Amino acid sequence: MDKKTAVYICTGCGIGDALNIEQLKEEGTADFGIDVIKDHPFLCGQEGVDLIKQDIEGEGVNTVVIAACSHRVNYDAFNFGRDVIVQRVNLREQVAWSQAPKEEDTQMLAQDNLKMGCSQAKDTDWVQPYKAEEPYSKDILVVGGGLAGMTAALEAAKAGYRAVIVEKEDKLGGFLGRMKSTVTLPYKALSETGAAQLIQKVEDEPKIKVYTSASVEKVSGGPGLFSVDIKANGNSATERIGAIVQATGWVPYDANKLGHLGYGKFKDVVTNVEMEEMAAAGKITRPSDGGDVKNVLFIQCAGSRDPEHLPYCSSVCCMVSMKQATYVKEQNPEAVNYILYKDVRTVGQSEDFYRKAQNDGNVFIRGAATQLGEAGGKLFVEADDELLGEKIKIEDLDMVVLAVGMVPASRPETTPRIKAPADAAGADENGMIEVAPDSGFFANSALHLAYRQGPELPTLKYGFPDSHFICFPYETRRTGIYTAGCLRRPMETAKAIEDAVGAAMKAIQCTEATAEGKAVHPRAGDMTFPEFNMQRCTQCKRCTEECPFGAINEDEKGNPLPNPTRCRRCGVCMGACPERIISFKNYSVGMIGNMIKSVHVPEEDEEKPRVICLICENDALPALDMAGIKRMKWSPYIRFVPMRCLGSMNLVWIADSLSRGIDGILLFGCRHGDDYQCHFVKGSELANTRLGKVSETLDRLALESDRVRFEEVGITDYHRIPGIIEEFMKKIEEVGPNPYKGW
Amino acid sequence: MADVQTTSQAILVVGGGMSGITAALEAAEAGYDVVLVERNPYLGGRVTQLYQYFPKLCPPNCGLEINFRRMRQNPKVRFFTMAEVASISGREGDYDVTVKMAPRYVNEKCTCCGKCAEACEAEIDNPFNYGMDKIKAAYLPHEFAFPMRYILDPSIVGTDQGKKCLDACEYGAIDPDMKETTFDLKVGAIVWAAGWNPYDAAKIDYYGFGEYKNVITNVMMERMAAPNGPTGGRILRPSDKKEPKNIAFIQCAGSRDENHLPYCSGICCLASLKQTTYVRERKPDCDIAIFFIDIRALDRLEDFYVKVQADPKVAFIKSKIANITEDEGTGNLILEGENTRTGEQILMNFDMVVLATGMVPNRIELDAAPDVTHDEYGFFTNNPEQPGIYGAGCVRTPTDVASSVQDATAGALKAIQSIARR
């Protein structure tokens, strides 16, 4: 489609008072073939918007540059449908509200902003969503047939979607099926597990297909297009799948490592899992002699909240022990239960069950076991009672129950070693390397993803493949694959049900969005996708290695094989590519390069330095808006270029800027490190790493390294922005003008 | 507002906090029409007033910004601020809902230029900062407000001050004649995500909140730590604006107490642990004492507890404080109670006290409401026998942000099922 571009400059909100609008119209738009150039005192008002609409309808304008306020406001007023490209240029927060009015420097800033906008509009193409040739599947694969897995499948079915469950055991149920009772909302008494009914519902549901004694052998493709090889009872099957829920559950912490608590030494010391199974089977008796049980002591946090074992809290064990104490009392009302604890953690309404357990006469002792022994066929436990402040000895115990914690099924016993990549440090003589917890290899086999970046979901600390984000608990680093239940975090049954429903929602949503060519979180709805100009690819593999979502596979020669439905549109691949072959329709290396080139670089004797700031549009850019709204002031010599993610920053922009005489480069990105805030996992970190390599460029140009700087700017750091800029401008003044000006 | 109509294929989400926003967006991104109503003049709810989230100590606005962007680009979600549900009738798949909108006195022409606030001389207690400072009576609720639009406090409408705002606005955005309006919706399912209120600390009379200036609540502490808060991010005691040398956090202030809230509010332990880091960041030598019954840091949040325990100037004292009195001369607070670990009587003096007050759910209380169930504490019960209206987030159970978002995502699917089943 031929472009017909119009520029509209709003003169309201102080813009008209700060700038020479006629001069801006002339000098800010030259060289871009703009067809219509108008200004209006209240562009977002009905009259202003109508003015634009008239030109769209009457003049055939199809590309609109709005030079006014921030793109974060009036987005609805300036939306003219998908056929009209809208480019926003900030003259308000970044110019009129933060710069001295009617100054030459302010005018030049506005002109550069407008020129960058016109340049960007020129290079923006209409978006055509990705559409695969094969038909899309909207079926949900659920790996794991326990409470979370069965719930996810049933809930998806209730919304009209087909589901496939793959369960490794010969029957559904998981740990729920091995329990006697549960404690759940409203936490007043024990409840039936409902396992049998739930299994029945799943088996009766025509939209659910169940494979038992089964495993997933291989997952290839991407959302909407997954091909899943399943082995069940020795037979093989392949399913076309839209999205995946992994609910492979947990295993109890290995009590054999708890010898200090008598496990393995005394038969009557059992784990809470063994206790549950005994209760479910019928009667709780002493394992040593099958005798009746009267006095039971529960040791809480057995191996949990312990840096030597599981440093985290398994959340459910307090309630489980109270539940099992209830079993003991139900069996023998005269029985006495002692519960030795660190903190009782019954949150929310489950406090009611704690109150009940206390009212039932169970003895809660805050303290730690110091010794466990046997005397006269009965066990005794010595403990420091914190509340009495003295050592106590509890004797005549029939049983001791160790409340062991939950280990995610994804955590392997040992840290795996894999074949090291060619340039990896720390490989042994066989070329093998121990992999980090978030490597994607660090997990027990469940999915067997045929992905360049590893066969399983990346995990967080302690092996949980959970989201790193508080606001987005279903954020996943493998698009279209969501986790649910105790696999991702120790949780009680009520939470596991909620979690499974939520995961089913995300899986369904992913299939729907994918079928329309739309991205999922965080750029939900984005219909652009990266296109690779393969003729110029040098097989350097940077894109396949750096993609935070494992979207790009590789052929044997090292050519990238993109999977657009796995792509999250961050542009990290585009930033990584030294050959600049990766582009989006509305975001490319060439486009940003042209924007930077459109910035006027004054001669050295004018003493007007120029700094380009590549700024993350998710956090730092809104912060800059805030600084403007607060009417903070900063240098008029800086030009802001928004980035989808700072990880899409390509070093060529820095090299080109510096060789044109730009005096300095600032990068504003999100916090990285353990508590990273980058919405694309490691975008800002990658940008920072790439910056380390910029020294080569600087050396080649014989320029000072002080000219380029990375700054972490969070969304609430607006009050810091003027200071950061001022300090950087001082540094630029110190190192002096870039000698390449005028070349 | 006769133009607001929806088919019964739409979902109504009540409450525009983290849970409501999530439920609305998750359903909309799966292709469903959603109407979101929020009582405040802005979306975001309680989390907008938090300085940081535990355990990452990251700013809530970061996630909100992403959510607002999702909302900006998704035509499937329509939202109304200053709007409350007045009545609900009907059943699953076919609800008639009346929504009441309070007047904002500022219309959609507002460009946020700020001229009305410049012209206005009247001030009101700043609701965003729990009344700890003043704000002009023509105001933007906060810098990150979404939608970004000013509001006039009703107290100046029809007065000289209101006239000054009207005259100052160049865009005809001030509308003193705005009245309360109502409009009707037809929807197929409802997600109730109306959130929570902090427990009224004044009801715990032995702690002197409201009487002793230097006794504040945990939500007030959040505002104090925020750079856009009443003190510009400085932690100062209210009586004399001095930096406290020592601070006490009292856990379970009203929670786990049959005279107040019998349940555990789930988040207060972590909130106080987090707030110790606010104090530490600003004052390396400030002594902190946390008076607690149990520290409830579930799952990997335990790591955060361990981190705070490593701070040598944070003392954990197992005690339920029985009484607070104020030293009138200094404004200091004298805490009395029993150290249940040592059995000793506590008589300790602090410059400032933070009450870790709990969560009270906003239940459905309408003149006309269909059958819904609440538990004895007012928490919404998702009853499978009563499908169509689903609770999400803290209306169901007191919980943290991540769990609320999980629950709200689940709520979106339940609502979709109510429509899909038809």
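Modeller: One term before we start: a residue is buried if 20 or more other C-beta atoms lie within 10 Å of its own, and exposed if 12 or fewer do. Also, this is a predicted model.

Biologist: Okay. How many residues of α5(A) are buried?
Modeller: 17 of its 20 residues are buried, so by that cut-off α5(A) is mostly covered.

Biologist: Switching to the core. Which residues touch the most other members of the largest nonpolar core?
Modeller: A:Leu402, A:Ala504, B:Ile11, B:Val191 and B:Trp192. That core has 378 residues.

Biologist: Which helix gives the most to this core?
Modeller: Helix α11 of chain A, residues 493–515, with 11 residues.

Biologist: What does B:Val191 touch?
Modeller: Leaving out residues up to four places away in sequence, its contacts include B:Ile11, B:Val13, B:Val14 and B:Ala23. B:Tyr390, B:Ala392, B:Gly411, B:Ala412 and B:Ala415 are also among them.

Biologist: How is chain B divided into domains?
Modeller: Domain 1 is 11–102 + 180–195 + 362–420. Domain 2 is 115–168, and domain 3 is 199–358.

Biologist: How many residues do domain 2 and domain 3 of chain B put into their contact?
Modeller: Domain 2 of chain B gives 7 residues and domain 3 of chain B gives 6. On the domain 2 side, 2 are nonpolar, 3 polar and 2 charged.

Biologist: What separates the centres of those two domains?
Modeller: 32 Å, taken over C-alpha atoms.

Biologist: Backbone next. Where are there cis peptide bonds?
Modeller: One joins A:Leu185 and A:Pro186, with omega about 0 degrees. A:Pro186 sits in the loop between β7 and β8 of chain A. Another runs from B:Phe146 to B:Pro147, with omega near 0 degrees. B:Pro147 is in the loop between β8 and β9 of chain B.

Biologist: Why look at those, or at positive phi?
Modeller: Most peptide bonds are trans, and most residues other than glycine have a negative phi.

Biologist: Which residues other than glycine have a positive phi?
Modeller: A:Asn233 is one, near 50 degrees. B:Tyr105 is another, near 65 degrees.

Biologist: Is A:Asn233 buried or exposed?
Modeller: Exposed, because A:Asn233 has 9 C-beta neighbours inside 10 Å. A:Asn233 lies in the loop between β11 and β12 of chain A.

Biologist: And B:Tyr105, buried or exposed?
Modeller: Buried, with 24 other C-beta atoms within 10 Å. B:Tyr105 is in the loop between β5 and α3 of chain B.

Key. Residues are numbered from 1 along each chain as its sequence is written. Chains are lettered from A and ligands numbered from 1 in the order in which they are written. This is a predicted model: local features need pLDDT of at least 70, side-chain atom pairs count only at pLDDT 80 or more; totals for chains, interfaces and linings use all residues. Domain bounds come from an automatic or database domain assignment. Two residues are in contact if their C-beta atoms, placed from the backbone, lie within 7 Å. Ala, Val, Leu, Ile, Met, Phe, Trp, Tyr, Cys and Pro count as nonpolar, Asp, Glu, Lys and Arg as charged, and the others, Gly among them, as polar. Helices (H or I, at least four residues) and strands (E, at least two) are DSSP runs, numbered from the N terminus. A nonpolar core is a set of buried Ala, Val, Leu, Ile, Met, Phe, Trp, Tyr and Cys residues joined through C-beta atoms within 7 Å.
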